Amino acid sequence: MDFLPEEIDRYASEHTSAEPDYLQELNRETWQKVLVPRMLSGHFQGRLLSMISHMLKPSRILEIGTYTGYSALCLAEGLHENGLLFTIDINEELRPIQEKYIQKAGMDGKIRLLTGNAMEVVPRLNEAWDLVFIDADKENYIHYYNMVMASAKSGTHLLLDNVLWSGKVVHEAAKKDEETRVLKELNKLINNDPRVENILLPIRDGLTLVRVK
């Protein structure tokens with residue numbers, strides 16, 4: 001669902017800093033070879049992720065949901081000099097394309113690719129996160145949020161993607177539409193959570209930014 005008129009969306013993109021060449025190449029290859037390429041963050045949102053990361057200069061970033069690695073590469077741009085980004089995906093078949101573009105970006109030492117169930121992997125990492133990006137299976141968003149918040153420190157920032165879910169969240173969820181139901185519940189949970197400040201940005205499919213108090 002497009003939330004902005006096409007010409008406004010195009011104008012905004014045209015007046016946003018260009019993505020690096022390797023991200024343009026990754027974008028093209030994802031659309032050519034990978035299923036559901038719409039899952040890619042893309043130029044406009046990717047520059048926002050990079051900007052937020054540059055402002056925070058995080059030492060430790062957690063990403064839940066790697067896909068082809070576009071968003072991880074954007075977030076890694078703003079890492080502290082000795083920082084690390086840990087990104088987790090359940091689908092190991094995408095590892096070759098992830099590794100290919102991490103190498104092209106020269107970020108081999110900054111990004112660690114992990115495969116598995118995030119609910120099992122994250123607790124084993126025993127890290128204190130500065131920035132967390134959640135962009136995985138929507139049915140588990142509340143579980144991911146609660147898991148991160150259980151050990152979050154003051155000043156940790158979270159980003160959660162697809163929180164508008166093509167506009168479905170403003171309507172009653174269909175009986176079998178578990179994803180919409182969970183996202184509606186998540187948005188309410190975050191907005192009523194006294195531990196955080198939050199803003200829901202109507203960018204692409206909706207992006208919520210959370211700051212732990």
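Student: What is the strand order in the open sheet?
Tutor: This is a predicted model. Its open sheet has seven strands, in the order E3-E2-E1-E4-E5-E7-E6. The pairing is mixed.

Student: Which strands stand at the edges?
Tutor: Strand E3 (111-115) and strand E6 (196-201). Each has a single partner strand, so one side of each is left without a neighbour in the sheet.

Student: And how are neighbouring strands turned against each other?
Tutor: By 15° on average, with direction ignored.

Student: Take E4 and E5. How many bridges join them?
Tutor: Four. E4 covers residues 131-134 and E5 covers residues 157-161, and the two run parallel.

Student: Which residue in E5 stands opposite Leu 131?
Tutor: His 157.

Student: Now helices. Which strands does H7 lie across?
Tutor: Helix H7 (residues 141-150) lies across strand E1 (60-64), E4, E5, E6 and strand E7 (207-212). Against E5, helix H7 runs at about 175°.

Student: What does H8 touch?
Tutor: Helix H8 (residues 178-191) packs on the sheet and touches E5, E6 and E7. The direction of H8 makes about 135° with that of E6.

Student: Switching topic. Where does Gln 45 lie?
Tutor: In helix H3, which spans residues 42-56.

Student: Is Gln 45 buried or exposed?
Tutor: Buried. The relative accessible area of Gln 45 is 0%.

Student: Which residues does Gln 45 touch?
Tutor: Leaving out residues up to four places away in sequence, Gln 45 touches Phe 133, Asp 161, Ile 203, Arg 204 and Leu 207.

Student: Salt bridges next. What does the count come to?
Tutor: The count comes to 13 salt bridges. One of them joins the side chains of Arg 10 and Glu 6, at 3.7 Å from N to O.

Student: Where are Arg 10 and Glu 6 in helix H1?
Tutor: Helix H1 covers residues 6-14, and the two are four residues apart in it. That separates Arg 10 and Glu 6 by about one helical turn.

Student: Are they buried or exposed?
Tutor: Arg 10 is partly exposed, at 42% relative accessible area. Glu 6 is exposed, at 61%.

Student: What about Lys 100, what does it form a salt bridge with?
Tutor: With Glu 29. Their closest N and O atoms are 2.9 Å apart. Lys 100 lies in helix H5 (residues 95-104) and Glu 29 in helix H2 (residues 21-33), so the pair ties together parts that are 71 residues apart in sequence.

Student: Which residues are linked in a network with Glu 29 and Lys 100?
Tutor: Lys 33 is linked with Glu 29 and Lys 100 in a network of salt bridges.

Student: Last topic, aromatic pairs. How many does a search of the whole structure find?
Tutor: One aromatic pair. The rings belong to Phe 86 and Trp 129.

Student: Why is that pair edge-to-face?
Tutor: The planes are at 75°, and over 60 degrees counts as edge-to-face. The ring centres are 5.6 Å apart.

Student: Which parts of the chain does the pair link?
Tutor: Distant parts, 43 residues apart. Phe 86 is in strand E2 (residues 84-89). Trp 129 is in the loop between helix H6 (118-125) and E4.

Student: Are Phe 86 and Trp 129 buried or exposed?
Tutor: Both are buried.

Key:
Residues are numbered from 1 along each chain as its sequence is written. This is a predicted model: local features need pLDDT of at least 70, side-chain atom pairs count only at pLDDT 80 or more; totals for chains, interfaces and linings use all residues. Side-chain values use heavy atoms; hydrogens and water are left out. Two strands pair if DSSP finds at least two bridges between them. Axes are lines fitted to C-alpha atoms, for helices over the stretch in contact, and angles run from 0 to 180 degrees between N-to-C directions. Contact means heavy atoms within 4.5 Å. Buried means under 20% relative accessible area, exposed over 50%, partly exposed in between (1.4 Å probe, protein chains only). A salt bridge is a side-chain nitrogen of Lys or Arg within 4 Å of a carboxyl oxygen of Asp or Glu. Rings of Phe, Tyr and Trp (its six-membered ring) pair if their centres lie within 6.5 Å; planes under 30 degrees apart count as stacked, over 60 as edge-to-face and the rest as tilted.
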